[in-house]
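Let's take a walk through this one together. Have a look at the model first, and then we'll start with a strand.

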Amino acid sequence: MFRSLIALTTVALVAIAGCSTSGRDDAASHRIESLLERVGDDMPQSQRSALSDLELTYDEYEAATLATIECMRESGIIVIDLESMNNGRYLGYSHSSSAHDADEPCRREHLAYVEQIWVDQQAPTAAESEEIRAEYQQCLEDAGENPPPDSTFEDLERYVALAGMDGILTDAGFSCAREHSVVNWISDP
Amino acid sequence: MFRRLAILLTTLMLAMVMIVPAASGWIAAECSFNGWNSFSGNTASAYTGATNTGCDAVWARVHYKEDAIWKWSTPCYTYTYDFCTKFQPGADDADLGKHRALSDSGGLSPWYTSY
């Protein structure tokens, strides 16, 4: 009886864990599928290849960014390094062309859709949101920041954005944002 | 005395207007958005935010100087939230921001400039 109960509990826990992971994976797959359908043949082949298995990995995101940089260099744009942001969760670059949008053709060809999916995957799910929100708030408070009490995740994001823009966010506050933020893209040291 | 005070106050007010970066606002189809850039403590930054519910995505990038070279940052991007910010620590100066939005109906704005 006791052994049956343990077995049943184990099966239930595995099922719950499986549902949770598979729920996130399913949502991500669904978003990729609907993007592929919506964009159709207008999506460049390299990005279609990265998304065709309805899954986007970090390696594929990194490869798309590197392909963008290589394309820019082949176009004669001086690109200043691959840039890591938010503790490596986001990737980018700087360029020194006089035209700010000199990188647009290469982004359209190699990165735009991949980046859209990647950014979407960084946003916490409803289930993850409360845990991440609490950690984010605690981190900011420990850093000496004063986000409004009982802030939502979006409130914390806005607090960081505005304090950062005003030049009053501490280095420790920036570190918290690097760890948790989705919308504040902060270059890593 | 009164005239000197008035001149002083006017000068102070003008100085305040000059150092506070003004947000600029733009429209793309049914999407209204604004943005500005700043430079403080060796961090260059640019912010773009939706100001109504008609926006689907926003971008922001900043023009900054580092090691005597002027560079355009990579743009931040979001379509999950209403705003995004690009922070570029280690900068020596910054002068411009670029801001763009996509409306819910698919209208993509040009890149607008904040000064």
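Strand 2 of chain A is covered on both faces: Y90(A), G92(A) and S94(A) on one side are buried, and so are L91(A), Y93(A) and H95(A) on the other. In a regular strand, side chains alternate between the two faces of the sheet. The strand spans residues 90-95, and six of its six residues are buried. Here "buried" means 20 or more other C-beta atoms within 10 Å of a residue's own, "exposed" means 12 or fewer, and "partly exposed" is in between, with C-beta atoms placed from the backbone. Helices (H or I, at least four residues) and strands (E, at least two) are DSSP runs, numbered from the N terminus.

A quick word on what you're looking at. This is a predicted model, where local features need pLDDT of at least 70 and side-chain atom pairs count only at pLDDT 80 or more, while totals for chains, interfaces and linings use all residues. Residues are numbered from 1 along each chain as its sequence is written, and chains are lettered from A and ligands numbered from 1 in the order in which they are written.

Now for the partner: strand 1 (residues 79-85) of chain A pairs with strand 2 of chain A in the antiparallel sense over six bridges. To pair, two strands need at least two bridges found by DSSP. S84(A), for example, has L91(A) as its bridge partner. The two strands form a hairpin with four residues between them, and N86(A) in the turn has a positive phi of about 50 degrees.

Zooming out, chain A is assigned domain 1 (26-122) and domain 2 (126-180), with bounds from an automatic or database domain assignment. Their centres, taken over C-alpha atoms, are 27 Å apart.

Finally, find E154(A) in helix 7 (residues 153-165) of chain A. E154(A) counts as partly exposed because it has 16 C-beta neighbours inside 10 Å.
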